[in-house]
Amino acid sequence: MCRWLAYSGSPILLSEALYSPAHSLIDQSLHSRLGAETTNGDGFGVGWYGEPPTPGVFHSTEPAWNNHNLSELAAHVSS
């Protein structure tokens with residue numbers, strides 16, 4: 001099942017939106033309560049705007065909860 005998250009407001013670290021909330025997207029993909037399977041092992045994508053006028057994009061065929069590059073990136077990129 002696809003999940004979407006949009007944030008509009010003062011810049012925050014991506015980790016605050018992806019990992020910090022109690023029912024974050026990362027938590028939902030690892031512990032689904034509504035799907036036929038409890039774990040969603042599909043890929044993911046993240047896009048953000050920073051200083052340049054074009055968006056930054058990071059995606060992978062690995063699950064988000066198992067991607068160490070995503071957790072490192074999210075801890076340093078704010079948007």
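**Note on the chain**

1. From the N terminus, the elements of the chain run α-α-β-β-α. That makes 3 helices and 2 strands. Helices (H or I, at least four residues) and strands (E, at least two) are DSSP runs, numbered from the N terminus.

2. The model is predicted: local features need pLDDT of at least 70, side-chain atom pairs count only at pLDDT 80 or more, and totals for chains, interfaces and linings use all residues. Residues are numbered from 1 along each chain as its sequence is written, and side-chain values use heavy atoms, leaving out hydrogens and water.

3. The chain has 79 residues, and 28% of them count as buried. Buried means under 20% relative accessible area, exposed over 50%, and partly exposed in between (1.4 Å probe, protein chains only).

4. Look at strand E1, residues 44–48. Its side chains alternate. Phe44, Val46 and Trp48 point to one face and are buried.

5. E1 pairs with strand E2 (residues 56–60) in the antiparallel sense, over 5 bridges. Two strands pair if DSSP finds at least two bridges between them. Trp48 has Gly56 in E2 as its bridge partner.

6. Now Ser24. It lies in the loop between helix H1 (14–18) and helix H2 (25–30). Ser24 is buried, with a relative accessible area of 4%. Leaving aside neighbours within four places in sequence, Ser24 is in contact (heavy atoms within 4.5 Å) with Leu18 and Tyr19. The side chain of Ser24 also reaches the backbone oxygen of Leu18 at 3.3 Å.

Conventions
Polar contact = N/O pair within 3.5 Å; in protein donor to acceptor, adjacent residues only side chain to side chain.
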